[in-house]
Amino acid sequence: MTSTVLGPTLVAVCVAMAVAAAVVYRLARLGPVWVAPAAAARAAAQLAAVSAVLALAISRLWSSLVVLAVMFVVAAATAARRSHASRGSACLALPLALGLIVTVPLLILTGLVPMEGVALVPVVGILLGGTMTAVAVSARHALNTLQLRAGEVEAALSLGLTDRDARHEIIHRAAAEALLPNVDQARTAGLVTLPGAFVGVLLSTGSAAQAGAVQVLVLVALLLAQSCAVALTSELVARGVITRSGHYA
């Protein structure tokens with residue numbers, strides 16, 4: 001497998017699949033025909049650049065930490081943009097940081113993840129990426145819910161609830177939906193899906209047991225990181241720190 005990944009066959013197959021996707025877009029009227037090829041080309045360019053940088057960065061701890069810092073900034077900016085908040089979106093960096101704080105030190109201190117760039121970058125990257133998605137989705141769902149159910153917030157206030165409690169009563173279920181994808185992935189791991197960490201370790205070591213152990217570690221760490229991050233995101237929205245113009249604030 002590893003000996004045939006890089007080469008003209010890979011390029012030809014990827015181009016063929018991108019063109020096929022474009023044809024499907026055209027025939028089924030899913031959107032502009034260039035969406036899939038453009039996304040594929042962008043992914044290839046980005047991954048090529050990142051691969052070149054990581055090959056040098058992960059050889060040293062300090063440069064690996066710089067890479068992780070850049071990844072965090074990009075993740076925070078992406079979560080802020082995807083939340084569609086009009087005020088306070090920068091505060092979504094706090095849930096992202098919390099997700100890493102409650103997991104990464106534990107993994108390092110127990111020796112499960114060595115303090116080396118080659119181990120830190122992929123593990124922290126997986127945790128950061130999954131938490132970013134959960135934070136962005138939970139914030140957007142919570143803000144959407146406040147817009148759609150503004151009358152219920154007013155009703156809760158009329159019953160004597162505080163601003164925070166009134167908002168939280170309305171949004172807590174919507175925010176929790178952001179956790180469902182990773183919960184489902186954990187439930188179906190090995191039965192329906194073979195997650196990326198499992199496949200990566202399996203291809204690199206050939207050990208199914210080692211791959212399974214790493215994947216369990218990553219999945220459980222993600223469950224903790226996302227749970228804490230979504231809880232804080234919901235709290236920030238409930239307290240009016242993160243808002244969107246047009247809904248009760």
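The crossing of H7 past H8 is right-handed. On the H7 side, the contact is made by Glu152, Val153, Ala156 and Leu157. On the H8 side, Asp163, Ala166, Arg167 and Ile170 take part. Five residues of this contact are nonpolar, three are charged and none is polar.

The model is predicted. Its protein chain holds eleven helices and zero strands. Read from the N terminus, the order of elements is therefore α-α-α-α-α-α-α-α-α-α-α. The chain has 249 residues, and 34% of them count as buried. Among contacts with a separation of 6 or more, 70% join residues 24 or more positions apart.

H1 covers residues 8–28, and H2 covers residues 35–57. Their axes are 7 Å apart, and they pack at an angle of about 150°. That angle is over 145 degrees, so H1 is roughly antiparallel to H2. Ala18, Ala21, Ala22 and Tyr25 are the H1 residues of the contact. They meet Val35, Ala36, Pro37 and Ala40 of H2. The contact of H1 with H2 has eight nonpolar residues, no polar ones and no charged ones. The contact of H7 with H8, in turn, includes three charged residues.

Ala20 also belongs to H1. This residue is partly exposed, because its relative accessible area of 40% lies between the limits of 20% and 50%. Ala20 and Ala36 are 16 residues apart in sequence. In space, their C-alpha atoms are 9.1 Å apart.

Nonpolar cores come next. In soluble globular proteins, nonpolar side chains tend to be buried together. The largest nonpolar core of the model has 39 residues. Leu96, Leu127, Ile171, Val237 and Ile242 touch the most other members. Helices that give two or more residues to this core are H3 (61–83), H4 (93–101), H5 (104–109), H6 (117–148), H7 (150–158), H8 (163–176) and H11 (208–238). H6 supplies the largest share, 14 residues.

What does Ile171 touch, not counting residues up to four places away in sequence? The list is Ala142, Thr145, Leu146, Ser234, Val237 and Ala238. Val237 is itself one of the core residues that touch the most other members. A second core is separate and has six residues. Val137, Ala175, Ala178 and Leu179 are among them.

Ser83 gives a further view of the interior. This residue sits in helix H3. Is Ser83 buried or exposed? Its relative accessible area is 0%. Buried means under 20%, so Ser83 is buried. Leaving aside neighbours within four places in sequence, Ser83 is in contact with Ser89, Leu92, Ala136, Ala139, Arg140, Leu143 and Arg244. Ala20, by comparison, is partly exposed at 40%.

Note on methods. Residues numbered from 1 in each chain as written. Predicted model: local features only at pLDDT ≥ 70, side-chain atom pairs only at ≥ 80, totals over all residues. Heavy atoms only, no water. Core = buried A, V, L, I, M, F, W, Y, C linked by side-chain atoms within 4.5 Å. Buried < 20%, exposed > 50% of the residue type's maximum accessible area, 1.4 Å probe, protein only. Helix = DSSP H or I, 4+ residues; strand = E, 2+ residues; numbered from the N terminus. Contact = heavy atoms within 4.5 Å. Left-handed = near helix turned anticlockwise from the far one by under 90°. Nonpolar A, V, L, I, M, F, W, Y, C, P; charged D, E, K, R; others polar. Axes fitted to C-alpha atoms, helices over the stretch in contact; angles between N-to-C directions. Parallel < 35°, antiparallel > 145°, perpendicular 65-115°, else oblique.
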